[in-house]
Amino acid sequence: MVTRGFFSGRRPPSDTDTRIPPGQYLEQGFPVLSAGPTPRVRTEDWSFTLKRGPRPLKTWNWAEFNALPQSKMTRDIHCVTAWTKFNTPWQGVMIDDILADAGIEPPTAYTLALSFDGYSTNVPTKDLVTGKAMVALLYEGKPITPDHGGPARLLVPHLYFWKSAKWVNGLQFTERDEPGFWELRGYHMYGDPWREQRYSSDP
Amino acid sequence: MSAEPSPQSPWQAATITRIQKRTPRVTSFWFQPMRPFAHLAGQHVDIRLTAPDGYQARRSYSIASAPEAGAVVELAIERLDDGEVSPFFHDVAAVGDEIELRGPLGGHFIWEESDGGPILLVGGGSGVVPLMAMVRHRTLRNTAVPVVLVFSARVWDEVIFRDELIGLDDRRDGFDLVLTLTREPARRPPDYSRRVDARMMAQAIERLPKAPRLAYVCGSNAFVSAAADALIGAGVPAGIIRTERYGV
């Protein structure tokens with residue numbers, strides 16, 4: 001449906017529009033969104049735990065986690081509130097390397113990412129491994145600020161950015177695809193920006 | 001061949017039935033959706049504009065009207081000079097225009113009478129819009145749930161819904177309005193003339209008969225960060241604070 005009198009628009013440059021998913025616009029800033037207050041997690045209190053269901057598999061403290069092999073990922077990110085930001089540079093530990101340090105293969109097909117503030121979000125395990133996702137520790141070469149999820153956030157850049165849980169403190173492998181915080185509140189179980197899977201009613 | 005109907009698009013046309021300027025930068029638009037929906041106070045809709053060449057722009061806007069107000073929903077839209085959707089509404093949109101809309105959306109920043117209270121609402125600028133839906137919901141449900149709204153605006157003339165809010169405050173029925181103006185002196189006895197801080201939040205809580213059950217904070221990211229920290233500084237548990245942020 002064409003909107004009467006809407007012409008101009010903010011079309012992306014033609015050399016970049018193939019990088020902007022449907023319904024998104026290009027943002028130069030880095031908006032902040034969250035469901036509650038920003039937790040200030042001190043690195044001395046920080047830990048990260050892999051779990052299968054309720055059972056802990058391995059826990060790292062901040063120093064131990066930072067000693068894991070670190071990788072860099074520069075990716076376009078897409079927020080469900082319709083902004084897309086190009087070339088965001090992150091550094092952290094690939095989920096593959098976390099699993100390797102724990103000495104395990106992914107035990108189940110589904111994962112819930114868990115956060116210090118009680119937030120959770122579900123991601124199929126296959127979307128976290130084979131170089132697709134990391135626990136990010138640095139943004140633009142500096143520690144991630146608390147409002148952007150520091151000290152550590154999940155980075156799953158090929159899905160809408162609510163899947164990249166801020167203040168992450170663990171991954172829980174689950175037998176079934178269990179909805180997380182926003183997925184229980186009307187948002188999509190998978191969240192592929194290229195298929196515009198914003199809300200639960202989207203195919 | 002299967003005879004299944006194709007899934008109904010979540011988008012629908014809504015007709016603008018009324019436009020009213022609220023403040024120099026904020027105008028309310030009332031939309032009559034083709035398929036009426038029931039919303040909850042605090043929810044939002046997505047709006048999608050389509051240019052003749054197919055280019056689309058979409059934004060989310062909070063609903064200002066109460067669920068009880070009927071099928072026509074009010075959106076109060078702030079003009080952002082560097083925006084691409086809000087200038088369209090302020091400069092082009094007219095009564096009778098059809099706009100594509102999707103919703104209602106959002107399952108966290110909502111309040112229903114059955115959620116109980118007391119409730120502390122903290123809004124900055126157009127962040128008051130979803131809080132207004134909650135205040136109106138409370139009024140139209142005729143409940144006694146105690147509610148304090150702390151509303152921060154730059155100046156008196158940018159206090160959105162000012163006359164309506166002061167009228168509700170004057171009823172003394174358990175709704176309390178506290179205005180804080182960041183660039184002008186306070187005009188009323190309960191009001192302030194500074195940015196929100198922990199002391200202001202503590203004094204707002206004292207207006208409630210007991211500690212709040214839930215707190216809702218909406219506004220720019222800078223405002224929400226400051227207000228949420230102020231609430232925590234006033235002893236409000238982080239777990240009962242719900243936030244909604246917009247902007248960079």
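These legends describe close-up views of a predicted model.

**View 1. Chain B as a whole.** Chain B holds five helices and 11 strands. Its radius of gyration is 19 Å, close to the 18 Å from the globule rule for 248 residues, so chain B is as compact as a globular protein of that length. Along the principal axes, the C-alpha atoms of chain B fill a box of roughly 65 × 40 × 30 Å. Of the 248 residues in chain B, 46% are buried. Among contacts in chain B with a separation of 6 or more, 72% join residues 24 or more positions apart.

**View 2. The largest nonpolar core.** This core has 72 residues. Leu75(B), Leu121(B), Leu131(B), Leu149(B), Val150(B), Val217(B) and Ala227(B) touch the most other members. Helix 2 of chain B (residues 128-141) gives the largest share, seven residues. Domain 1 (11-105) and domain 2 (113-246) of chain B both contribute residues, so the core lies between them. In soluble globular proteins, nonpolar side chains tend to be buried together.

**View 3. Around Leu75(B).** Neighbours within four places in sequence are left aside here. Leu75(B) is then in contact with Phe29(B), Phe31(B), Tyr61(B), Ile63(B) and Ala64(B).

**View 4. A second core.** A separate core of 43 residues includes Leu50(A), Val80(A), Leu128(A) and Ala152(A).

**View 5. Where chain A meets chain B.** Chain A brings 30 residues to the contact, and chain B brings 33 residues. The side of chain A that touches chain B has 14 nonpolar residues, 11 polar residues and five charged residues.

Note on methods:
Residues numbered from 1 in each chain as written. Chains lettered and ligands numbered in written order. Predicted model: local features only at pLDDT ≥ 70, side-chain atom pairs only at ≥ 80, totals over all residues. Contact = placed C-beta atoms within 7 Å. Nonpolar A, V, L, I, M, F, W, Y, C, P; charged D, E, K, R; others polar. Core = buried A, V, L, I, M, F, W, Y, C linked by C-beta atoms within 7 Å. Buried ≥ 20, exposed ≤ 12 C-beta atoms within 10 Å, placed from the backbone. Helix = DSSP H or I, 4+ residues; strand = E, 2+ residues; numbered from the N terminus. Domains from an automatic or database assignment. Rg over C-alpha atoms; globule rule 2.2 N^0.38 Å.
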